[in-house]
Amino acid sequence: MVIVPRLGELEKAVMEALWSADAPVTARDVQDALADRHLATTTVLTVLGRLERKGLVTRERAGRAHRYRSVASREDHVATLMRDALDATPDRGAALARFLGSMPADERAALRDLLD
Amino acid sequence: MAVTAFALLVFGLLLAEPVSRRLATAEWPARDPVGALLLWQAIGLSGGLALVGSGLVYGLGPFGHPMTAALPNAVAAATTGRWPDELGLGHLLALLAALLLALRLIAVLIAVMVRTLRTRRRHRDLLDLLATPWPAVPGARVLDHPVPVAYCLPGLRSRLVLSAGVLDALEPAAVAAVLAHERAHLRERHDLVVLPFVAWGATAPFVRGMVCAQLAVAALVEMRADDVATACTTRSQLTGALRSMGAAAPAAALTSFSVALEHRLDRILAPPAPLSVGVRLLLRLGAAALVAAPVTAILLG
């Protein structure tokens, strides 16, 4: 039976390959880095295209091929997520719900100012 | 007609300002968060309907009575171009105001919804790449960062997220309490409850009642999630989790943050007596009546 890997899982693997590369890489390089998965070149290109649409990857022309690189490092992306999660503005409040950010300092203060 | 319109206007303004402010400072909502949330939703809906309806009832007055007859008459007049003689500038202005208010409320709601969905999609895309599934709890993901934070990403494809800092700071039982809290948000779609209040709070930040409503609803949603969490863990586990995370959170240095945290801890440890069944029932009937009142007035007015 052929196990079809989920696209999300492939995206993760391709991003890992881009993050561990020192310089922009071609689809072929990614394919080689993930050789144990036996991916077709078209599959790698599809996944890279999806990541590009999500704004996680950029590409530049290099001769007849494209070279791909991640827009930000893994740590930068984690920092972005953490900022989202800790940012307690009402707009973000609608997007996420968090355990401690429930009655954020500035909102409580704003409420008190309004009511005093 | 003019009397009904005026009554609707006063009713809407009362709900938007003094009633909202009183409810935001009242103590009893902590004793029945669900009832209070229903009341807030009724106030929002009823206030909006009353204000828009006020302009409609006054503006459509010259076209007949009641509203069910006036509307077809107005459409007929618009198509034939034969306007009733009584139609004056005041009526047109009232109609225009009602139309603009309705459009504004709907447009802001849609704009905030779109922005929220976009933020969430972007966040989820990153999350799925960066967070690792946590085998101990199906559906939960761990983000590799030392600052303790636990949150959920609501929506059809919801996500439950813990940072590595949470796992370092908390005992397994406390982690379970945190997850129960977040699951309550997801299951009861608290994001949808909060969304209209965020949207309308943003459209009229100068109306204090609306801003109060936004903050009060956000606090009630947390109380509700705390109530659900304490039902499936123990109170001390939940407060323990809040304390450990609060001590390590970046906001902990702010006094108002610790005050808010103390409030929440107090309520979990010494919960105020729930409202009696009769009062709860009355509250829900009152919320329904609050919405029914302007609707009836508009249709018959």
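Two residues are taken to be in contact if their C-beta atoms, placed from the backbone, lie within 7 Å. The contacts described below are those of a predicted model, which scores ipTM 0.75 and pTM 0.84. For chain B the mean pLDDT is 88, with 96% of its residues reaching 70 or more.

**Helix packing in chain B: H1 and H2**

- By that criterion, Ala2(B), Thr4(B), Ala5(B), Leu8(B), Leu9(B), Phe11(B), Gly12(B), Leu15(B), Ala16(B), Val19(B), Ser20(B) and Leu23(B) of H1(B) meet a set of residues in H2(B) that includes Leu39(B), Ile43(B), Ser46(B), Gly47(B), Ala50(B) and Tyr58(B).
- Sorted by class, the residues of this contact between H1(B) and H2(B) comprise 15 nonpolar and 7 polar, with no charged residue among them.
- The axes of H1(B), residues 2-25, and H2(B), residues 33-59, come within 8 Å and cross at roughly 155°; angles over 145 degrees count as roughly antiparallel, and H1(B) and H2(B) are therefore described as roughly antiparallel to each other.
- The crossing in which H1(B) passes H2(B) is left-handed.

**Helix packing in chain B: H2 and H8**

- H2(B) also has a contact with H8(B), residues 208-232, and here the two axes come within 9 Å and cross at roughly 150°, which makes H2(B) roughly antiparallel to H8(B).
- The crossing of H2(B) with H8(B) is left-handed.
- On the H2(B) side the contact involves Pro33(B), Val34(B), Ala36(B), Leu37(B), Trp40(B) and Gly44(B), and these meet Ala213(B), Ala216(B), Val217(B), Leu220(B), Met223(B), Arg224(B) and Asp227(B) of H8(B).
- The residues of the contact between H2(B) and H8(B) divide into 10 nonpolar, 1 polar and 2 charged.

**The sheet of chain A**

- Chain A holds an open sheet of 3 strands in the order S1-S3-S2, paired in the antiparallel sense; strands S1 (25-26) and S2 (57-62) stand at the edges with a single partner strand each, so one side of each is left without a neighbour in the sheet.
- S2(A) pairs with S3(A), residues 65-70, over 6 bridges in the antiparallel sense, and within this pairing Thr58(A) stands opposite Arg69(A), while Arg59(A) stands opposite Tyr68(A).
- In a regular strand the side chains alternate between the two faces of the sheet.
- S2(A) and S3(A) form a hairpin with 2 residues between them, and in its turn Gly63(A) has a positive phi of about 65°.

**Helices of chain A against the sheet and each other**

- H1(A), residues 7-20, lies across S1, S2 and S3 of chain A and runs at about 90° to S3(A).
- H3(A), residues 41-53, packs on the sheet as well, where it touches S2 and S3 of chain A and its direction makes about 120° with that of S2(A).
- The axes of H1(A) and H3(A) come within 10 Å and cross at roughly 85°, which makes H1(A) roughly perpendicular to H3(A).
- Their contact is made by Leu10(A), Glu11(A), Val14(A) and Met15(A) of H1(A), together with Val44(A), Val47(A), Leu48(A), Arg50(A) and Leu51(A) of H3(A).
- In terms of class, the contact of H1(A) with H3(A) has 7 nonpolar residues, no polar residues and 2 charged residues.

**Backbone geometry to inspect**

- Most residues other than glycine have a negative phi, and most peptide bonds are trans.
- His38(A), a residue other than glycine, has a positive phi near 55°, and His38(A) lies in the loop between H2 (27-33) and H3 of chain A.
- In chain B, His65(B) and Pro66(B) are joined by a cis peptide bond with omega of about -10°, and Pro66(B) is found in the loop between H2 and H3 (67-80) of chain B.

Definitions and conventions
Residues numbered from 1 in each chain as written. Chains lettered and ligands numbered in written order. Predicted model: local features only at pLDDT ≥ 70, side-chain atom pairs only at ≥ 80, totals over all residues. Pairing = 2+ DSSP bridges. Helix = DSSP H or I, 4+ residues; strand = E, 2+ residues; numbered from the N terminus. Axes fitted to C-alpha atoms, helices over the stretch in contact; angles between N-to-C directions. Parallel < 35°, antiparallel > 145°, perpendicular 65-115°, else oblique. Left-handed = near helix turned anticlockwise from the far one by under 90°. Nonpolar A, V, L, I, M, F, W, Y, C, P; charged D, E, K, R; others polar. pLDDT = per-residue confidence, 0-100.
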